[in-house]
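Reader: I would like to learn how to read domains and sheets. Where do we start?

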Amino acid sequence: MSRRLPRKAVVIVGLGWTGSIMAYELAKTGLDVVAIERGPWRDTASDFNIGTAADELRYGIRLDLFLRTKQETITARNNMSQTALPIRRWGAFLPGNGVGGAGVHWNGQTWRFLPDDFRIRSHMIERYGEKIMPADNTIQDWPVSYDELESSYDRFEYLAGISGKAGNLRGQIQPGGNPFEGARMREFPTPPLKQGYAQDLFTKAAAEKGLHPFPRPSANISTAYTNPYGCSMAPCTYCGFCERFGCANYSKSTPQTCVLPVLMREPTFEARTECEVTKVNLSADGKRATGVTYVDRNGEEWEQPADLVLLCAYGLFNVRMMLLSGIGKPYDPNRNEGVVGRNYAYQCGGGATGYFEDAKFNPFAAAGSLGAAADDYNSDNFDHGGLGFVGGGSMTCAYTNGRPIAYHPVPPGTPNWGSKWKRAVRDTYQRVANVGVQGSVMSYRGCYLDLDPTYKDPLGRPLMRMTFDYQDNERKMSAWMSERSNEVVKAMGAKQTQMSRLNGPWSVVPYQTTHNTGGAVMGSNPKTSAVNRYLQSWDVPNVFVMGASAFPQNAGYNPTGTVGALTYWALDAIVGQYLKNPGALVQA
Amino acid sequence: MSARWGWLAGFLLLAGSAWASEDNYVAATRGRALAIAGDCIACHTAPGGVPFAGGLPLETPFGTIMTPNLTPDEATGIGRWTVDDFARAMHEGVRPDGRQLYPAFPYPFYTKVARADVEAIYAYLRTLDPVTSRVDRDTMPFPFNIRAAMSGWNSLFFTPGAFKPDPQRSEEYNRGAYLVEGLGHCGACHTPLNALGANKASQPLQANRINDWTAPNLTNDARLGLGSWSVDEVVTYLRTGRNATGQASGPMGEVIAHSTSQMPVADLRAMAIYLKERGTAGSTAPSPLPASDARMRTGEAIFIDTCSACHTSTGAGIANIFPRLAKNPVVQQDDPATLVRVVLAGARAVATAAAPTAPAMPSLGYRLNDEQVAAVLTYVRNSWGNAAEAVSSADVQRVRKVLVSGK
């Protein structure tokens with residue numbers, strides 16, 4: 001039997017990027033805000049000591065900062081004819097754990113989606129006709145345009161101090177930036193990171209091939225910076241311990257560096273860590289959330305009543321929380337009805353690795369989002385006529401790290417162990433450059449999330465089931481992108497190259513990317529979206545759902561920039577409209 | 001304001017003086033600001049305890065004193081004290097029962113505080129909720145438990161008397177002097193102590209070691225004191241806890257958190273002007289050790305490996321995050337205690353509303369031995385324009401012992 005706590009104005013489930021921004025902005029208005037986070041408290045000064053933060057074994061291999069499957073896992077299968085099994089060790093993707101969430105251990109690549117991405121269905125059909133759309137797709141336009149989101153992107157980038165070079169300032173194309181990007185109202189808050197030798201080669205080769213290379217926008221920032229909240233950051237030291245690590249140098253934009261210092265000073269804010277929300281409680285008619293129930297670190301159950309519930313957990317877990325709480329109709333792929341769990345998508349890789357003869361790339365001088373990129377093959381920046389697929393990807397030559405345990409590229413044909421392997425590691429370490437692709441993944445009727453019929457968590461709640469595989473559209477796109485990448489690597493001077501391929505069914509085992517999107521998508525039609533254009537539940541209007549779970553399908557970029565932009569976009573609607581007149585902001 | 005209410009306001013103004021003793025909101029508000037300037041809360045609050053309810057153990061070279069409860073609780077606080085009792089304690093260091101207070105309570109400074117300000121502080125303390133907090137006020141060991149002995153101490157070291165402005169100086173200077181020498185009691189930490197625990201009148205604000213922190217020289221000396229900081233930089237430091245050179249941590253961090261970051265900028269400015277205009281004093285710079293010195297070579301190697309990622313290889317640091325070491329007065333104090341302590345145990349900068357990010361210096365004591373700490377600090381104290389005596393491994397050993405034993 002849970003004990004009921006005094007009512008709060010706002011309860012936030014999960015204290016990562018979206019939760020911390022929401023908590024700070026709402027607490028600042030004087031509202032009583034509580035954030036409930038199932039993982040531990042994390043702080044740069046106490047948890048990411050410079051002497052111990054760069055411990056590859058602890059963080060990179062043993063995954064100290066990540067969610068344990070004991071806390072939560074999912075079951076997975078490739079298609080509806082299979083029986084899903086639980087993931088017993090996270091692999092393909094690594095959800096975060098604790099205060100800061102995935103915002104602690106990310107690499108920091110911070111993109112804006114392209115204007116076309118927000119109306120990709122309409123755009124592709126207008127340009128190429130219905131026939132280009134892949135079989136069984138459920139691709140849909142976003143209910144918000146790039147122009148509407150521009151100022152929200154800007155706020156997130158200035159919060160995070162993102163380093164980059166504008167390619168389109170108020171419609172004027174800028175040399176050195178990405179000419180395909182949507183118009184931005186002002187320059188990046190900090191200049192791009194210093195590029196390495198491989199990036200110089202890429203930039204030269206890409207330009208010679210008629211592409212438009214530019215430095216990738218980065219949340220490992222290039223100069224000292226103080227954000228509009230007053231939080232200060234230091235310049236990146238290019239140590240190459242970003243993804244899977246906490247940054248000890250105050251150089252990576254995270255909730256810890258950008259928000260928590262001011263959030264924790266707010267007198268009306270409270271964080272409860274190591275407390276797991278088990279469900280959102282609804283009124284008898286199911287139309288209003290009354291608060292949440294959670295279990296604290298001692299296993300005791302509490303009810304936290306609240307006027308407003310913000311689901312700010314990792315996207316996948318927001319979807320599960322909705323399914324467990326009965327918020328919105330679960331998606332049924334057989335009838336193609338229901339919305340919660342619908343349009344789950346991912347990210348697809350591709351690219352080519354080049355082995356050079358005389359190069360000395362110093363891959364250890366790296367940063368999670370250091371890199372030179374080209375967007376010529378992203379979204380619909382190129383002619384898809386005759387290619388047989390929708391989508392594309394950003395192409396980047398980057399070093400995120402050259403760490404001793406995991407980074408030891410060897411040429412194809414090298415034995416996997418023994419003295420020949422050792423010699424190849426030594427000979428190759430300095431001489432490898434990669435051109436990688438961050439590819440879009442469209443949404444399909446058969447790719448979705450629901451509650452598993454068999455497996456349960458330690459609290460007796462059903463696990464969530466993921467049904468996903470790459471479809472022909474993505475396989476074609478990835479192969480085509482790998483060929484383009486291969487051309488660039490060759491032009492950079494590689495003597496030997498190797499293209500990556502999506503072979504066989506999607507696997508949960510090897511790490512690929514933690515860019516899981518969809519499942520609680522935003523839209524204009526309550527029959528095909530779980531939340532409206534302000535990320536407000538259609539069914540329970542005092543619940544808002546943040547995060548990449550809102551993406552109708554995934555674009556050819558990392559998601560965090562858009563997650564941040566959507567947070568400010570929803571925040572404006574909550575503060576400007578909802579709090580003044582609580583209720584549905586969009587009439588169904 | 002409408003005319004209808006105007007007459008009432010006028011009436012209230014006339015009546016104001018008569019009501020002051022009953023509902024002295026103005027005095028209490030002014031008293032709160034003065035209590036902040038005096039940083040009363042810092043000593044009169046136990047760790048995790050109710051503000052002003054006392055119970056903090058204050059370590060002195062002569063024993064530990066528990067700070068008293070300042071809330072108006074009749075049995076355990078100062079509820080029965082009259083304003084005259086309070087003024088006598090502030091100005092003379094004497095309790096209502098006639099017994100002496102120890103000068104850990106900085107009455108040698110508070111004696112300069114104007115009677116009107118003392119009354120305002122009293123008025124403020126009366127507004128606090130009474131808290132029952134019984135504090136053992138007799139924890140000093142023999143012979144220091146004999147409070148009467150303090151009258152001898154007072155006759156040697158205590159000069160009672162109100163602050164006297166210097167008519168030759170500006171109003172700002174005198175305001176600053178009043179705050180620094182009075183409520184601010186800066187000298188309590190920053191002026192060296194003699195063997196009997198009194199601040200040496202001959203060396204005011206010329207640096208002192210207190211609990212193995214160096215309270216730096218606050219004269220206008222360019223190498224050791226505030227000479228290289230502008231008035232604005234001093235103000236920024238006191239208001240935010242940092243400036244282009246460095247960041248406050250340790251005891252000064254607490255002073256900034258509880259006191260100066262909440263003071264009016266005009267007062268901070270006055271204090272900065274006073275400190276910078278009252279003159280220069282301190283040791284002469286030694287010639288820096290040559291880079292060829294073996295300690296310097298070892299120190300540089302350790303610095304590059306361990307320190308330069310944050311403090312940068314030129315000692316320039318990073319504004320607002322990592323302190324500058326080049327020409328930083330804290331680095332060049334005669335007594336390296338703060339440096340040794342910070343390298344061994346780490347430190348965390350104070351967070352303030354104006355500068356909420358509170359970065360930390362990691363503890364390196366677990367992987368640098370005494371000689372390595374001495375070498376790297378010797379290098380830092382003699383590079384990039386710095387000049388200061390070498391740090392010996394005995395210096396490090398002593399502080400390490402204190403840190404390990406906790407006393």
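Author: With domains: their bounds come from an automatic or database domain assignment. For chain B that assignment gives domain 1 (18–157), domain 2 (171–277) and domain 3 (294–405). This is a predicted model: local features need pLDDT of at least 70, side-chain atom pairs count only at pLDDT 80 or more, and totals for chains, interfaces and linings use all residues. Residues are numbered from 1 along each chain as its sequence is written, with chains lettered from A and ligands numbered from 1 in the order in which they are written.

Reader: How many residues of domain 1 of chain B are in contact with domain 2 of chain B?

Author: Contact means C-beta atoms, placed from the backbone, within 7 Å. By that rule, 18 residues of domain 1 of chain B touch 20 residues of domain 2 of chain B. On the domain 1 side, helix 2 of chain B gives the most, with 4 residues. The C-alpha centres of these two domains of chain B are 22 Å apart.

Reader: And the sheet in chain A: which strands are at the edges?

Author: Strands of a sheet pair through backbone hydrogen bonds, either parallel or antiparallel. Strands are DSSP runs (E, at least two residues; helices are H or I, at least four), numbered from the N terminus. Pairing takes at least two DSSP bridges. Here the order is 8-17-18-19-16-22 in chain A, an open sheet of 6 strands with antiparallel pairing. Strand 8 (214–215) and strand 22 (496–499) of chain A are the edges.

Reader: Which residue stands opposite Phe214(A)?

Author: Ala373(A), in strand 17 of chain A. Strand 8 and strand 17 (residues 372–374) of chain A pair over 2 bridges, antiparallel.

How values were computed
Two residues are in contact if their C-beta atoms, placed from the backbone, lie within 7 Å.
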